[in-house]
Amino acid sequence: MYDQAEKLRQLIKKTGNSHQESDIKKRTNDTRIIAVTSGKGGVGKTNFTINLAISLSNLGYSVIVMDADIGLANIDVLLGLLPKDTISSVLNKNKKITDVITDGPNGIKIIAGGSGLYDMFQLDQENIEHLKKQLMELENLFDFVLIDTGAGISEMVMSFVTAAHEVILITTPEPTSLTDVYALIKALRIKGCYNKLQLVVNRVESPNEAFSVFEKLSIASTKFLNTKIENLGYMQNSKQVLEAVKNQHPFVNLYPNSTVAKNVNSIAIKIIGTPIENENNNFLSFISKFKSFFRQ
């Protein structure tokens, strides 16, 4: 899975390539669960998640995105979709989790969160077991599960981030964004979360600015939190991103040759070229960690 970078670079140059089959089949034993989060809202987290999912799909991987952003769940809006069901139908035992999956662009799949996310923290033991069994239905169906969390350090954000195998932190160069993402890292450490942390700097004017932002945060995290963060990449500031949002299309599709689309494609290639550090990080471990959060 991780030594095919050159082949995948060729794949990604094609247009409309490698879309997944519309049906859902068991296809992998190596599901990677990545939480995408940020210290504050409005930094482009959801837009990044969608476009990263499409880039991974274009590279030949099956991807599902779970919208876990309480109050601001808007993946369906960004994509111009109208999901028939959300996770609420699963929690109410009206639908199986595979029945609430919506088809997205380029073969990606989506689970809409909506108001049902509030209900997750009101579950009794019986319903927690029901949710666990439903989540287990996703095991081996996808190569990547991307969880678009809310911003900040709410209980919901912490539950998904601490359970995920890997964490992608999104920030912008603004001081407030940097301060908030530092606070998020600190909160994760207090919670005992030692997941792999990777940084993506959005809306930079140059690669040098992105590296400068990463260095500042990396030095502070190492010195004061004894925490290492990795530099996953950056996305350059672009009017084409705004145009894509207005048109409810992912920018990697609407402007595939733009600099910002290439930025995301590079991040996707870097992700698939990096093996999971902990071999015990499997789907069951995610479920167990997620479930344990309800007991606290």
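**Salt bridges: exercises**

D85 has a relative accessible area of 17% and counts as buried. The model behind these exercises is predicted, and the structure holds six salt bridges.

**Exercise 1.** Find the salt-bridge partner of D85 and state where the two residues lie.

*Solution.* 
Step 1. The side chain of D85 meets that of K95 in a salt bridge, with 3.9 Å from N to O.
Step 2. D85 sits in the loop between α3 (75-79) and α4 (87-91), and K95 in the loop between α4 and β3 (101-103), so the pair ties together parts that are 10 residues apart in sequence.
Step 3. K95 has a relative accessible area of 34% and is partly exposed, whereas D85 is buried.

**Exercise 2.** Decide which elements the salt bridge between D148 and K45 connects, and whether each residue is buried or exposed.

*Solution.* 
Step 1. The closest N and O atoms of D148 and K45 are 2.9 Å apart.
Step 2. D148 belongs to strand β5 (residues 144-151) and K45 to helix α2 (residues 45-58), so parts 103 residues apart in sequence are tied together.
Step 3. Buried means under 20% relative accessible area. D148, at 0%, is buried, and K45, at 6%, is buried.

Key: Residues numbered from 1 in each chain as written. Predicted model: local features only at pLDDT ≥ 70, side-chain atom pairs only at ≥ 80, totals over all residues. Heavy atoms only, no water. Salt bridge = Lys/Arg side-chain N within 4 Å of Asp/Glu carboxyl O. Helix = DSSP H or I, 4+ residues; strand = E, 2+ residues; numbered from the N terminus. Buried < 20%, exposed > 50% of the residue type's maximum accessible area, 1.4 Å probe, protein only.
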